[in-house]
Structures are given as C-alpha cells and as structure tokens.
Amino acid sequence: MSTTSPRIGGFADRIDARSKVTGQARYAADVVLPGLAHAALVGSTIASGRVLGVDTARAEQAGGVLLVLTHLNRGPLGDLPNGDGDGLTADPRPPLADDRVHYRGQIVAMVVAESPEEAAHAASLVDVRYEPAPFVVDIDDADATRLADAPRRGDCAAALRAAPVTLDVVYSTPIQHPCPLEPHAAVAHWVDHDLVVHDTTQWVRGDQAVLARAFGLPRERVRVHAPFVGGSFGAKVFTAAHVLLAAVAARRLQRPVKAVLRSSEVLTAVGPRAATRQRIQLAAERDGRLLALRHHTRSHCATDRGVADLDPFYEPTSGVTRMLYACPHYEAVHDVVPLHLAKPGWMRAPGEATGLWALEGALDELACALHLDPLALRLRNHSSRDAHTGKPHASEHLRECYEQGAERFGWARRDLRPRSMRDGDAWLGWGMATATYPGNRDPASVSVRLDRERGRIHATVSTAGADLGTGMYTMLAVVVADALDLPLEWITVELGDTRLPPCPVTGGSNLTASTAPAARAACVQLRRRLLAFRRAPDESADWHELLSRAGLDQVEAVGTTDAVHDDARAHHSFGAVFVEVRVAPELGRIRVTRVVGVYDVGQVVDATTTRSQLIGGIVFGIGQALLEQLVHDPMHGLPVHADLAGYLLPTHADVPEIDVDWLEDVPDLAFNTIGCRGVGEIGITGVAPAIASAVHHAIGVRLRDLPLTPDRLL
Ligand code: MOS
C-alpha cells in the first residue's frame with residue numbers, strides 16, 4: 001500500500017477501478033430486492049396518431065404477469081417539471097398521459113411480471129389498435145419555426161455585401177444517439193410510503209424533483225441512488241418514462257419493480273442529438289481577417305408540445321460560433337423543425353460539437369480559397385475575449401495550444417496543396433481545427449469527514465453528484481488527499497445519492513469545477529479546526545493525534561461552491577486538434593491514422609482521468625466524423641438500425657494512437673480556488689472538422705455532411 005498522498009495535477013490510480021473490474025460496483029440493473037418484479041415496455045408501432053384501443057386480456061392471462069399499465073389505467077400523475085434547475089423529463093408529457101402518439105417507439109403500455117422473460121413475452125401479446133396520422137421524420141421535409149433568440153452584433157448583411165471575400169456554405173449533421181454502454185435502467189420500490197429509486201442517471205436530484213412532483217410527495221420522501229453510471233453522454237439527464245412507470249407499478253403492486261431498456265428502446269425512446277443544417281456565411285479581408293459571420297441553423301425538435309410552446313432544449317449550435325473568433329459583424333438565427341421523434345436532448349458537447357463542425361469547416365474552406373495555412377487563419381482571427389460579450393477570458397492560452405500541437409504533430413512540414421502526400425494506395429492528408437468548451441460551474445456542496453479508526457485516520461468525501469464513469473471518485477479523492485496530505489487508500493468517496501450534500505446535474509462538464517473547490521473548502525475548514533490543537537506552529541499535522549487532543553472521534557465540514565457570476569471575465573477551455581488521415585478514394589475509405597490534441601483546461605486535478613476524458617472525447621469525435629448516424633425510415637418512422645450492431649461506434653480498429661496533452665501552470669483562479677475547468681466534453685470538439693480538413697487535404701474533396709461515409713466519397 002502506498003502511503004504517499006497524490007497531488008493535484010499528478011497521475012493517481014482510479015480508486016473505483018478495482019470495484020468495476022471485479023464486478024463489485026453495483027449499477028442500477030444489478031439491484032436485486034426481495035419480491036422484485038420485472039417490467040417490459042410496449043412501444044408504439046405508428047409514428048403519429050391515436051391509440052384507439054388496447055386489448056390486454058391475453059397479456060394479463062400469460063404466465064407470471066402481475067400488471068399491464070396503459071393510458072386507460074395508469075392512474076394520476078402530477079404535472080412534471082420541464083425547466084432547468086428542477087429536474088427534466090424525457091418526454092414533454094408524462095408517460096401514458098392519453099391516447100396520442102407522437103413518435104414511433106413511444107411507450108403505450110408496460111407489462112410487469114415475475115421474470116423479465118415473462119414480461120417480455122406478455123408485452124408481445126398486448127394488442128394495440130391505432131389510428132395512424134401523417135408524420136414527418138426528415139428535417140428537410142418539414143416546415144420550420146424561427147426562434148426569437150437571435151444573437152447579433154454589428155451589421156452582418158452590409159458587411160457580407162461589401163467584403164472583398166465571401167463564402168456561403170451549408171454543413172449538415174445527422175441525428176446521432178448518445179448510446180451509453182449501460183442501457184437505461186431503474187428499480188423502484190416504496191418503503192413506508194416513501195419512494196426509493198435506483199436509476200442510472202446523471203442527476204439524482206433531478207430524478208428526485210420529477211418523481212416528487214409526479215407522486216405529490218415532498219422531495220425528502222423520494223430517495224434516488226446512482227452510485228455507478230455506465231456512461232450517459234447526455235442521455236441520462238432526463239427522467240425517462242420507464243422510471244416513472246416503474247414507480248407507478250411498484251406502488252400498485254407493493255413490490256419493487258425493475259425496468260431495463262433494450263438497446264432498440266434506448267435508440268427510439270430516449271432523445272437523440274438533433275439533426276442540423278447549418279448555413280455559414282463568411283466575409284473576410286484578403287489576408288483572412290473575418291469581417292462577418294452569419295450562422296443560420298435548422299435543427300429538429302419534438303412535435304408534442306406544439307410550436308408555440310417549444311421544448312426548452314434545442315441544439316445550441318450558435319453558442320460557440322458567436323464567441324470564438326474576433327469578427328465585428330455577427331448574426332445567428334435558429335429555425336426548429338418539429339419531427340415525429342423522441343424529444344432531442346443533450347449529447348456530448350451539444351452545440352459545440354455541431355456548431356464547430358460548420359464553423360471550422362467553413363474556415364478551412366476560407367483558408368483554401370485564400371491560399372492560407374488553416375492554422376495561420378485561426379491565429380489571424382484569434383480573440384483573447386469572448387467575441388460576443390466582449391469580456392476578456394480570465395485565463396486563455398489557445399495560441400500555446402496551437403503552437404505546441406503543431407510542434408508535436410509536425411504541422412510545419414505540411415504542403416498547402418491537396419494531393420501532396422501518398423502512402424502506397426492511400427492519399428495522406430493533414431487537417432486541424434480549434435476545440436473549445438465553456439467553463440461551467442454550478443452550486444454544489446461536498447462534505448469531508450475525518451474518523452479516527454484503529455489508530456489511523458479515515459476520510460469520507462460525500463456529495464450527491466453522479467460519476468458517469470468519468471472519474472469523479474478519483475478526482476475528489478485526489479483533492480482531499482492533496483489538501484490533507486492523506487494517501488488515497490485512506491479516503492472513501494460517496495456519490496450519487498440524494499441523501500448526500502446537494503450537487504448539480506453531472507452535465508456541461510461542470511462537476512469538477514463545481515465539486516473540487518467545495519471539497520477543498522471543506523478540507524480548509526477541517527485543517528483550520530484541527531491545527532488549533534497543535535502545540536507549536538511548526539508541529540507536523542498528524543490528524544489522528546490532533547483529533548484525539550481535541551477529544552473527538554470524528555470531525556466533519558461542508559464546503560460549497562456557488563454559481564458563476566462573473567460580470568467581468570469569460571471562462572472557456574480551448575484546444576487545438578491535428579489529424580492525419582489516409583484516404584483510399586476508390587474504396588471511399590477514410591482512416592484516421594494520427595491525432596494530436598493539446599488543451600488549455602485550466603488546472604488539471606487528476607492527470608489519469610483527464611487524459612482518459614480527452615482521449616474518450618476524441619474517440620467520440622472520430623465516431624461523429626466517420627460513423628454515427630441514426631437514419632429513420634420515412635415509411636415507418638423507425639430507425640433502420642435500432643441496435644448497437646447498426647448504429648456504428650468507433651472500435652479499437654477505427655482509433656489510432658491518440659496523443660493528448662494539456663498546458664501546465666495555467667490555472668483559471670478567477671473561476672474557482674483550484675483553477676480547474678471540466679474536461680468531459682472539450683475532447684470531441686474540433687475533431688470532426690479536423691478530419692474533414694484532412695480529407696480535403698488528402699484528395700481535394702470537400703465534405704460538408706456528416707458522417708463521412710464511403711458513399712459520400714465515391
Ligand atoms: Mo453532457 S451532453 O452536458 O451530459
């Protein structure tokens with residue numbers, strides 16, 4: 001056992017690794033309780049229309065069946081919150097609310113039985129009669145509504161008319177799906193009229209708020225557990241229908257009920273990343289300096305709230321285009337297109353991953369048109385402030401990312417001309433793009449408790465936030481180890497439980513910046529309290545000894561972080577991504593053979609998990625660029641490949657060695673006391689446009705529609 005304490009910024013071993021590889025870590029679907037019953041869902045087989053009737057007789061008579069829920073017998077559920085801050089529901093309406101169907105796969109019944117097999121069999125016997133109505137699942141086939149929010153500065157139209165150089169291009173992204181490895185799953189049970197739910201969720205308190213509202217309970221009578229979450233990527237922010245229905249059934253049956261989605265259900269009933277069509281108009285000087293940028297996005301939304309009452313969430317593509325580059329004239333407009341699909345939601349850098357695909361692609365085209373190095377064009381338009389608000393970045397080192405990334409990659413050897421490098425049958429191309437993601441931080445509380453145990457000290461760190469597999473356990477342990485000089489082995493971290501100190505949704509790469517400073521603040525309080533018991537100011541701090549002098553077996557402190565209110569400065573992370581591809585045009589094959597990413601993410605808390613997050617993000621980017629798309633059949637409204645065999649994700653064979661690094665000694669201390677910004681999402685940003693830039697460099701073909709599948713090259 002190592003007894004040295006890790007330091008902030010160093011490489012620590014993941015403290016949850018052993019529990020995961022040995023199967024000790026308990027995920028929601030692993031929960032088994034006495035009397036557990038199992039649910040199976042029945043999804044609508046029409047994409048729009050009404051349920052005329054449901055014949056449940058055969059299902060109810062099937063072996064082991066305990067309950068069949070439909071909209072006719074579901075019973076009352078309270079109105080659900082659907083705004084930020086207080087929980088979010090996956091569908092705008094409660095499940096089984098009425099006879100209306102808004103997308104194919106919408107849950108129209110749920111069967112509960114003694115075993116999962118009996119439930120699945122009985123679900124197949126539920127006979128639903130429908131009255132189908134016309135539907136649209138293609139973003140190019142429906143009318144759009146313009147959102148009122150249209151950020152602008154200067155006079156874009158005039159600048160576009162007068163500029164010496166202009167570019168007008170449309171980039172598109174398909175519907176994509178978060179596809180966490182662990183499917184959505186929940187176990188609900190009632191204990192003395194209190195609701196206890198084990199859910200795989202990014203937000204135990206969001207679930208708690210939704211369930212409390214649904215069942216008319218005070219929040220404290222709903223307890224939600226999510227100690228381990230097997231990936232989520234945005235898909236587990238919302239409280240989904242099966243969670244609410246499991247709780248309904250559990251109350252009705254007075255037994256615990258488990259509902260686990262099949263991957264086909266995850267791909268139909270859980271919201272995807274919206275499709276986008278993005279028109280970018282650029283105006284520039286001949287030296288590449290941007291004069292105007294107009295960004296017109298179409299993205300899709302759900303149909304079932306009506307356009308006047310649109311979902312609060314739409315793919316926020318313009319968040320990044322407005323702030324990244326110095327450009328005096330800017331305008332963004334956003335049209336939303338209601339489609340008969342599950343309500344879109346967050347997925348891996350929502351807005352940045354899609355917005356940068358368009359913006360960075362257009363900049364690459366501008367660089368080519370002006371015979372400029374794409375990197376030189378970025379440098380010419382670099383902004384040390386948020387270009388839209390004008391606030392200076394509190395800590396911004398993007399130029400160093402470009403410089404170090406270019407150096408590691410060997411960018412200086414790049415010939416500007418396409419088709420300038422070959423390797424056997426393949427053309428080689430080098431591309432690059434800028435990465436960026438906002439620094440987000442939300443109010444969080446973390447408690448740290450020290451216990452005297454058998455002659456030594458043990459620390460317990462607790463907060464309600466969930467670790468999505470990203471490394472929260474280790475990250476918080478490192479903060480406490482560093483602050484109190486403790487070895488990791490003496491620290492336990494408790495996460496994902498509504499009874500622990502309040503913590504925001506794990507989303508928007510916010511949790512490290514929210515909880516690490518709170519954990520440190522708790523440690524500072526503990527130090528101060530215990531150091532008062534030293535006999536001399538230079539006496540070394542032995543927490544065990546000091547606790548016993550204080551006459552205590554245990555001492556606890558709670559640290560908090562507040563929301564970001566910085567009127568003076570902006571807080572963003574940045575990076576530069578360089579990519580090499582090998583393209584075989586006669587096969588339409590693109591292989592990514594080298595990636596270098598260098599990032600400015602403030603102070604890194606734990607290097608092991610940061611490195612994994614950045615590499616994982618780049619793998620997302622390779623998926624976004626080359627593979628991922630959910631295609632809906634216009635005849636049936638169903639994804640043509642609603643499983644993980646058909647929805648392609650990068651495998652090891654698709655992923656080359658990825659070289660990531662970050663700048664040292666660049667803490668954003670105006671952001672929080674550690675100076676850290678989150679690293680969960682920045683890795684995906686910039687990767688897809690860098691790949692497309694490299695493909696253009698390889699063969700001179702400009703691809704503007706994702707994913708870059710072989711048919712687009714041939
Ligand atoms: Mo993330 S897509 O903000 O959960």
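I began with a definition: a residue is buried if 20 or more other C-beta atoms lie within 10 Å of its own, exposed if 12 or fewer, and partly exposed in between, with C-beta atoms placed from the backbone. I noted that helices (H or I, at least four residues) and strands (E, at least two) are DSSP runs, numbered from the N terminus.

**Entry 1: the model**

I recorded that this is a predicted model, in which local features need pLDDT of at least 70, side-chain atom pairs count only at pLDDT 80 or more, and totals for chains, interfaces and linings use all residues. Residues are numbered from 1 along each chain as its sequence is written.

I looked up the confidence, where pLDDT is the predictor's confidence in each residue, from 0 to 100. The protein chain averages a pLDDT of 95, and 98% of the residues score at least 70. The model has an ipTM of 0.97 and a pTM of 0.97.

**Entry 2: the whole chain**

I found 17 helices and 25 strands in the protein chain. Its radius of gyration is 26 Å, close to the 27 Å that the globule rule gives for 714 residues, so the chain is as compact as a globular protein of that length. The radius is taken over C-alpha atoms, and the globule rule is 2.2 Å times the number of residues to the power 0.38. I noted that the C-alpha trace spans about 80 × 75 × 50 Å along its principal axes.

Of the 714 residues in the protein chain, 57% are buried. I then turned to contacts (two residues are in contact if their C-beta atoms, placed from the backbone, lie within 7 Å). Among contacts between residues at least 6 apart in sequence, 83% join residues at least 24 apart.

I looked up the domains, whose bounds come from an automatic or database domain assignment. The assignment gives domain 1 (17–26 + 444–561), domain 2 (31–134 + 180–232 + 236–269) and domain 3 (276–439 + 567–713). The centres of domain 1 and domain 3, taken over C-alpha atoms, are separated by 36 Å. Their contact takes 16 residues from domain 1 and 19 residues from domain 3.

Which helices each supply at least two residues of the side of domain 1 that touches domain 3? I found helix H12 (472–484) and helix H13 (511–531). H13 gives the most to this side, with six residues. By class, the side of domain 1 that touches domain 3 has seven nonpolar, eight polar and one charged residues. Here Ala, Val, Leu, Ile, Met, Phe, Trp, Tyr, Cys and Pro count as nonpolar, Asp, Glu, Lys and Arg as charged, and the others, Gly among them, as polar.

I checked H13 itself: it has 21 residues and reaches 30 Å from its first C-alpha to its last, close to the 30 Å expected at 1.5 Å a residue. The expected span of a helix is 1.5 Å times one less than its number of residues. Because 15 of the 21 residues of H13 are buried, this helix is largely enclosed by the rest of the structure.

H6 is mostly covered, with ten of its 13 residues buried. The buried residues of H6 include His 242, Leu 244 and Ala 250. H6 is followed by Gln 254, whose phi is positive, near 55°.

His 189 is in strand S10 (residues 185–191). Is His 189 buried or exposed? His 189 is buried, because 25 other C-beta atoms lie within 10 Å. The C-alpha atoms of His 189 and Arg 255 are separated by 6.3 Å, although these residues are 66 residues apart along the chain.

I located Trp 357 in helix H9. Trp 357 counts as buried because it has 29 C-beta neighbours inside 10 Å. Leaving aside its neighbours within four places in sequence, Trp 357 is in contact with Tyr 171, Thr 173, Ala 688, Pro 689 and Leu 706.

I followed Leu 706 to a cis peptide bond, which joins Leu 706 and Pro 707 with omega about -10°. Pro 707 lies in the loop between helix H16 (687–699) and helix H17 (710–713).
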